[in-house]
Amino acid sequence: MTDEVQARESTPLVDEAAKKAAVAWVSVTDGPALALWCMPLEGDLFVVSGPGEQSAPGLADATEARVTLRGDHGGRIVTWPARVTRVTPGSAGWETAAPLVAAKRLNAPGAIADLVARWAADGCALNRLSPAGPPAAGADLPAGSLAEPPRGAPVVRVTRRPFRLHRVRRR
């Protein structure tokens, strides 16, 4: 994939929502929407995934995705189709975007230059999500919740009732 910037298809609502975004719900193909940390830059969203970073199955190799952003009230305000472009290490886009994204990463281990070097060495994906079509907003958004039931995890265990040393009687 190249990191060329193609013609953007955006609206003022998408631009404003993206400008304020810190988390975006990104869905690749028909998969579930995952909450991913993102950084707005030049009207697009940048997402880092891979070893030691957030998990975004399928995003590194995708060409299209759906992005949902929330407003100040915490609710969904816009969903838009995105063109996914992987920014490759060593390219001009990487040299510009990677240090800026690394500087905004919370709890980053080490210096910014070390983090960017680790992303390149470990094969982490830096993806640019650009608006690529008409957004769904207002009445076009689904009325119901799109929340999915929690997925099972091996760390979940049955909670036992607490031990009682004696029985308390009521009078």
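1. Residues are called buried under 20% relative accessible area, exposed over 50% and partly exposed in between, with a 1.4 Å probe and protein chains only.

2. Numbering runs from 1 along each chain as its sequence is written, and side-chain values use heavy atoms, with hydrogens and water left out.

3. On confidence, pLDDT is the predictor's confidence in each residue, on a scale from 0 to 100. The protein has a mean pLDDT of 83, and 94% of its residues reach 70 or more. Residues 1-5 stay under 50 in pLDDT. For this stretch the model has 17 contacts beyond four places in sequence, a contact being heavy atoms within 4.5 Å. Where pLDDT is low, the predicted coordinates should not be read in detail.

4. On the cysteines, a disulfide is taken as a pair of cysteine sulfur atoms within 2.5 Å. The count of disulfides by this rule is zero. Cys124 is accordingly in no disulfide, the nearest cysteine sulfur to its own being that of Cys38, 17 Å away.

5. On helix packing, helices (H or I, at least four residues) and strands (E, at least two) are DSSP runs, numbered from the N terminus. Helix α2 covers residues 92-104 and helix α3 residues 112-122. Their axes come within 9 Å and cross at roughly 120°; axes here are lines fitted to C-alpha atoms, for helices over the stretch in contact, and angles run from 0 to 180 degrees between N-to-C directions. The crossing of α2 and α3 is right-handed. A crossing is right-handed if the near helix is turned clockwise from the far one by less than a right angle, and left-handed if anticlockwise.

6. Which residues make the contact of α2 with α3? From α2 they are Trp94, Ala98, Pro99, Val101, Ala102 and Ala103, and from α3 they are Ile112, Leu115, Val116, Trp119 and Ala120. These residues divide into 11 nonpolar, no polar and no charged. In this division Ala, Val, Leu, Ile, Met, Phe, Trp, Tyr, Cys and Pro count as nonpolar, Asp, Glu, Lys and Arg as charged, and the others, Gly among them, as polar.

7. Leu100 is also found in helix α2, and with a relative accessible area of 39% it is partly exposed. Leaving aside neighbours within four places in sequence, Leu100 is in contact with Met39 and Leu41. The C-alpha atoms of Leu100 and Ile112 are separated by 8.8 Å, the two residues being 12 apart along the chain.

8. Two backbone angles deserve a remark. Thr29 has phi near 50°, a positive value in a residue other than glycine. Thr29 sits in the loop between β1 (23-27) and β2 (34-37) and is exposed, at 69% relative accessible area. Asn107, again a residue other than glycine, has a positive phi near 55°. Asn107 belongs to the loop between α2 and α3, and its relative accessibility of 75% counts as exposed.

9. Ser10 lies in the segment before α1 (12-20). Is Ser10 partly exposed or buried? Its relative accessible area of 28% makes Ser10 partly exposed. Apart from residues up to four places away in sequence, Ser10 touches Asp15 and Pro131. Ser10 and Gly144 are 134 residues apart along the chain, and their C-alpha atoms are separated by 25 Å.

10. Two separations concern Thr159. Asp122, in helix α3, is partly exposed at 39% relative accessibility; Asp122 and Thr159 are 37 residues apart in sequence and 39 Å apart in space, C-alpha to C-alpha. Asp61 is found in the loop between β4 (44-49) and β5 (64-70) and is exposed, with a relative accessible area of 68%. Asp61 and Thr159 are 98 residues apart in sequence, with 40 Å between them in space, C-alpha to C-alpha.

Terms used:
Predicted model: local features only at pLDDT ≥ 70, side-chain atom pairs only at ≥ 80, totals over all residues.
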